[in-house]
Amino acid sequence: MRANFFPIFNNSLLVYNEAKNNLNESHLMKYITNSKYELIPVVEKQLPEIVFITSYPPRECGIATYTQDLKNAIQEKFGNTFSLKVCALETTGENYNYSEDVKYKLNSDAEVNFSDLAIKINADKNIAMVFLQHEFGLFGGVYGDFLLKFMKHLKRPVTTTFHSVLPNPDKKIKEVVRKIADYSDFLVVMTDISKTILMTNYGIAERKISVISHGTHLVASFDNLQHKTKNQFSDRVVLTTFGLLNEGKSIETALDALPKIIEKFPNVIYLIIGKTHPEVLKREGEKYRNFLYEKVQNLHLENNVRFINKYLSLDELMDYLQRTKIYLFTSKDPNQAVSGTLAYAMACGCPVIATPIPHAKEFLQGAGFNYDFQDANQLAEKTIELLYNPKLLREMRLNALHKISPTSWQNSAIAHIELVKNNSKKHKIVLQYEMPKISLNHIKRMTTINGLIQFSAISKPNIESGYTLDDNARALIAVTKHYQLTNAEEDLELIKIYLKFILFCQQEDGSFLNYVDKEGNFTANNGNENLEDANGRAIWALGEFTSFYDILDKNMIRKAKFAIEKSLKNILKFHSPRAISFAIKGLYFYNLDKESPRVNHLITSLADNLVSKYRGVSDKKWKWFEDYLTYANSILPEAMLFAGLSTGSELYKNIAKTSFDFLLSLTFKDDQIKVISNQGWYHKGKTFNQFGEQPIDVAYTILALQTFYQVYEDASYKDKMKIAFDWFLGKNHLHQIIYNPKTGGCYDGLEQYHVNLNQGAESTISYLLSRLAMEKVTNSIKEMKFYEEVFQNE
């Protein structure tokens, strides 16, 4: 433990680092040395430690890369919750230059070293979990049984990940695996097939086994690669295989298949990416690679094959894979359980033709084909079939993305940390999800000169879906708030686009239409649907927009005010509680600088309408405005609170707080939010569907919590904001991310068994509004007492 000295200020701690962010050095030293304040030691609590026992870079090994990716993902997701360290496995004669996160080294050739390592780890009571990566070749002894001596004496919780699970084991293999299982608190495998083998062939209890798929990297965009400047194969049909080269990969099968493929598609080029495996290089040099070179010459494939004999960076590798039309997985090892290369290819949207290892059999349904081991004819036929069918290729591309995206490293990190949390006996683990950086990347990708596009296919904008007033109204608020925070000039162009779209949607009578096609024409949907809520949202957006008059161009503010004034004659015609509520919120902000009696009268009339609805339905157990809960519920009590603030009515405020606390009692359970399902609304006196949650409802909850926290200064509202925001980061019933930090987009929904991976405008703007609310509350907490007390005493 380490002690730092922090000054006491009015009986509260003034944290040094926060002070440093708000004062210059001279101010800081003044307050620290001022005799009025007492310096006391504050003990920094050590973070619970996780130790990975594994091969580790710069050692070139698939498990080393796997562990580094997993560790980095945990660091990214939970960096303030855990300290992450590594015990790097080596063999005699190896001496790698490791990064500082390597705390231990283990020479796996000597049995005595395993006992010594157990003693060191047992001595550190701060270790909450050991993640052991198991492959038979990594550990010394017969089938790596030196490891058992370490595990027998280990007194810390251990999770063992089996990278290979051999079916029909001999007696010795079975004995080693069962003992490892006995010594482990949890076992992790990467396929359901591997889990079944452990249960049936090894007799291991199901309760001990978790399936956590091999992690994959999220890809920023799946837009057309034709425009990439680095695309050196733009006129070729690219087939690819990558990984550390060894004869088990059976690359020769693909080479034998190529002549038949080239006969139909002469512009095919086959990329063989990767260095020779270092262990193979030690034993036999480049014997296998030279064999492949010779085969290329014998088959006259020089114009159709490229060897890329180097270790590529992740960005380079993903770039090659995104250019790939079909990925060929040619392993001839039937006992190989999983392949990181297959997972990475699918993450880049590659249809895959693969030999039937368990990983491929489970994941390629609809995303590729399996073929028999070392059968070049089958491989050629499957490749030709796919290349002849562009529609099927596109379908498989999307299916690959849908299949593999839940296995992102972020989700893998969450799944592993759930094991740590669930086994926490000595360490009270309170997970702290790291706040992602604010990004407008996907919003910019979704925005044209006409407005914000409505839908996307995964992360690719679908211009055919057109535009809506709803999305552009929310976008106007979100990007204006982002501009207030960052003063980023490029935000102004987006703001102008969204404002122009809203004004375009307003009709001569002051009302608004909602739906616009890609050509800029209003669609038939405008006549077929009730547009009250869309009109309410437009008034909210324009009203709140005018409250930023101190940072925005006066001409834009003037246009927004004119549009609101034009719409006022329609507001009292609203019947929808949500339309009424959006309008109240907009009018509250619109009236902040003018305090118009006319606007206050409108707010009162609208709020009285909600009071009437509330009194007509509510009772001792049901504190709500309707006899059911649907979407955007939080806007109703928030609007009542704004009405109370605007008019001074305690009745409005009391109804606001009572109804909001009632709603929160239904949507927050067990330190987690679960908003009302869009698969079946919650009717009074009945049970409701637990699944079908949308980001927009989480966002409205966060915005309302922010308002109630600012008014009542009740810390429980602030705490619930964090709980609700963590829903986007993986604190939900599937333990999967809803926000994609690579694209900057937000997934469209959380269902019972899957996440809807499309990243539409509504979801992405909802996330941004939530993230900006969290930023504002976090900053205000840091600054509030500090400025209030420090500067008044200067």
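Within helix α19 (residues 489-505), Lys-496 and Glu-493 stand three residues apart and are therefore separated by about one helical turn. In this predicted model, their side chains meet in a salt bridge with an N to O distance of 3.7 Å. Both partners are partly exposed, Lys-496 with a relative accessible area of 44% and Glu-493 with one of 48%.

A search of the whole structure finds 34 salt bridges, among them a pair formed by the side chains of Glu-565 and Arg-598 at 2.5 Å, N to O. Because Glu-565 lies in helix α22 and Arg-598 in helix α24 (residues 597-617), this pair ties together parts that are 33 residues apart in sequence. Glu-565 counts as partly exposed at 29% relative accessibility, and Arg-598 is likewise partly exposed, at 43%.

Salt bridges that share partners also join Glu-49, Lys-103 and Asp-124 into one network. Within it, the side chains of Asp-124 and Lys-103 meet at 2.9 Å, N to O, linking the loop between α4 (112-122) and β7 (127-134), where Asp-124 is found, to strand β6 (residues 102-107), which holds Lys-103, across 21 residues. Asp-124 counts as buried, at 17% relative accessibility, whereas Lys-103, at 37%, counts as partly exposed.

As regards helix packing, the axes of α21 (residues 532-546) and α22 (residues 554-571) come within 9 Å and cross at roughly 140 degrees, so that α21 and α22 are oblique to each other; their crossing is left-handed.

Technical notes
Residues are numbered from 1 along each chain as its sequence is written. This is a predicted model: local features need pLDDT of at least 70, side-chain atom pairs count only at pLDDT 80 or more; totals for chains, interfaces and linings use all residues. Side-chain values use heavy atoms; hydrogens and water are left out. Axes are lines fitted to C-alpha atoms, for helices over the stretch in contact, and angles run from 0 to 180 degrees between N-to-C directions. Helices (H or I, at least four residues) and strands (E, at least two) are DSSP runs, numbered from the N terminus. Angles under 35 degrees count as roughly parallel, over 145 as roughly antiparallel, 65 to 115 as roughly perpendicular and the rest as oblique. A crossing is left-handed if the near helix is turned anticlockwise from the far one by less than a right angle, and right-handed if clockwise. A salt bridge is a side-chain nitrogen of Lys or Arg within 4 Å of a carboxyl oxygen of Asp or Glu. Buried means under 20% relative accessible area, exposed over 50%, partly exposed in between (1.4 Å probe, protein chains only).
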